[in-house]
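Good morning, and thank you for coming.

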Amino acid sequence: MWAYVGRRLLLAIPTLLGASIIVFAMVHLAPGDPLSAVMPVDASQADIEAARRTYGFDQPLPVQYLRWLGRVVQGDLGKSIATRRPVLQDVQDAFKNSLVLALSASLLAFGIGIAIGLFAAFRQGRVLDKLMSAVAIVGVSVPHYWAGIILIIVFSVQLNWLPAMGASAEGGAVEYLRHMALPTVALALIPLGVLARVVRSAALDILAQEFVLALRAKGLGRGMIFAHVVRNAAPQILTVLGLQFGFQLGGSVLVETVFSWPGTGYLMNLAIFQRDLPVLQGVILVLATFFVLLNLAVDLAQTLVDPRIARH
Amino acid sequence: MDTSTLAPPITPADVETVVGAPMSYWRTVAWRLRQDPATIVAGALLLLIAFSAILAPVLAPYDPNVGSIRLRLAPVGAPSHLLGTDEQGRDMLTRLLWGGRMTLLAGLTPVLVGFVFGTMLGVLAGYVGGVTNTVIMRTMDVFYAFPAVLLAIAISGSLGPGLWNTLISLSVVFIPRVVRVAESATVQVKSLEFVAAARASGSGVWPIMRHHLLANVLGPVLVFSSTQVSLSIILAAGLSFLGLGVTPPAAEWGLMLNTLRGSIYVNAWVPALPGVAIFLTSMAFNLLSDGLRDAMEIRV
């Protein structure tokens, strides 16, 4: 098993390097001069050349990449072109806000999603199953940014119960939670639907196996059979949990934009429209790194839950 | 009327006993699809959406890009504007019809591109194996380091707004996914005996790929690709919602949602309509792909 853990750790390195190349290439494939957005219109040619040298844009791309990577490994993501603040600091602040949102949405989605999936599986073919499956398909089909707008229309505009925008730290914990409520629900919809569907089909697979029949024949009660099903479905569910958590952190751009939630997605959106390439690179790189490490952690956790996986 | 009480449902097995020959796989699939009420409803809805998008120039009562300043944000059911008007006084029904063209185009094309190129790359990697496989599959793994939404927005954000850039960024999202499915299906089929038999009887690499592998790989890839359509539509509309897709004044559901978003304090429900269109389309594709998966008895 330790050999497997070691191999899995080593495999993450080329993936991370590849991801860094994509992030670098992505930003440098961009049309237009990255400096045009920040330089004053009447800047002289000499000023532009000087700025280009300061940012290193005059070097060949592979050299730029290696230099960039060298700095990144030391935790230096450069400075924002727009605000001149260190990118790492901006990304850190945004990441914290995104993490809080992703965690609360995950708690909500995983709790309800798993419950719905298990209920549906144990009531297969009955009305409750059909109802739960309908909820699940709505969850995976709904454009979450639109769901966010609907939530704002209902709870902010019409009922005036909850704030529609931003996250204020000044108002204390209660105010922060009130700002978090709507984006949390909007972000939770998709993983809720996905979870419900995956859990239902995983539980049905296990219920169809012979050992469950044997357990039933042995006279085991419902609760015990339930425990067996959950235990056997755990590795598969765990994978989906990990992936979905990562998706919520990396994929919350749309929801964060709808609610002006000051997270990584919002920062990324800002960077795109200000053509602030160092910030854009920094956000994407941090999120991708987190996602790769998360997948690694999930894989390793899976082998703990089900040691058979390591042997394959 | 509840038909289940009248007679037991006919199964493919019954047909086979009467006809005397086994039903072909595709006829069985088509037959099963017709038996599933959810699939029929979803299929009918999609046909309706597709036809109204294609026929938008004929059906739409107004010009999609001409509005009346005096008639801004008319509510749903307003006289002569069935679904109200938008923030520039343009007819919503007209723009929803026209918008479907863009959203469907931007949502379906990337999955189609992914299907074609992903299958080619995946079959190649799976059949040839060795270094080719390692190079292709490790490259695809790198794209898996990004959640789909992040990858699409990052590429679109770097390339800038526009329909072409949306298509490019979404294709980059879907190709690696299809490659994975095609590769693992190919590796599975390759080890089956009939492929060995074809090789032993002197069949070349290309005929084997074309006749034997592709036929058996296409099923899983088709089912998988069909599950991705709804995601692709939500993402395509999402990109233009962020201002990264088609540019105004074009009618596109995501973009309409974006430009109308500021008007929810004036007229709450008209701005929600483009989202209803995205939602219904995406749900219909999900139901259809569920039906297809069950009918083809394929799990991906």
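This is a predicted model: local features need pLDDT of at least 70, side-chain atom pairs count only at pLDDT 80 or more; totals for chains, interfaces and linings use all residues.

Residues are numbered from 1 along each chain as its sequence is written, while chains are lettered from A and ligands numbered from 1 in the order in which they are written.

Let us start with chain A. It has 13 helices and zero strands; here helices (H or I, at least four residues) and strands (E, at least two) are DSSP runs, numbered from the N terminus. Along the principal axes, the C-alpha atoms of chain A fill a box of roughly 85 × 60 × 35 Å. Of its 312 residues, 40% are buried. A residue is buried if 20 or more other C-beta atoms, placed from the backbone, lie within 10 Å of its own, exposed if 12 or fewer, and partly exposed in between.

Chain B has twelve helices and zero strands. Its C-alpha trace spans about 75 × 60 × 30 Å along its principal axes, and 46% of its 300 residues count as buried.

How many residues of chain A are in contact with chain B? There are 40, and they meet 36 residues of chain B; two residues are in contact if their C-beta atoms, placed from the backbone, lie within 7 Å. Helix 6 of chain A gives the most, with eight residues. By class, the side of chain A that touches chain B has 31 nonpolar, nine polar and no charged residues. Ala, Val, Leu, Ile, Met, Phe, Trp, Tyr, Cys and Pro count as nonpolar, Asp, Glu, Lys and Arg as charged, and the others, Gly among them, as polar.

I turn to the core. A nonpolar core is a set of buried Ala, Val, Leu, Ile, Met, Phe, Trp, Tyr and Cys residues joined through C-beta atoms within 7 Å. The largest one has 159 residues, and those with the most contacts inside it include Leu195(A), Val283(A) and Ala152(B). Helix 7 (residues 172-207) of chain A contributes the largest share of this core, 16 residues. Leaving aside residues up to four places away in sequence, Ala152(B) touches Ser169(B), Leu170(B), Val173(B), Leu235(B) and Leu239(B).

Finally, the helix pairs. In chain A, the axes of helix 4 (residues 87-122) and helix 9 come within 9 Å and cross at roughly 140°. Axes are lines fitted to C-alpha atoms, for helices over the stretch in contact, and angles run from 0 to 180 degrees between N-to-C directions. That makes helix 4 of chain A oblique to helix 9 of chain A: angles under 35 degrees count as roughly parallel, over 145 as roughly antiparallel, 65 to 115 as roughly perpendicular and the rest as oblique. Their contact has seven nonpolar, three polar and no charged residues.

In chain B, helix 8 (residues 163-190) and helix 10 (residues 205-241) pack at an angle of about 155°, with their axes 9 Å apart. These two helices of chain B are therefore roughly antiparallel to each other.
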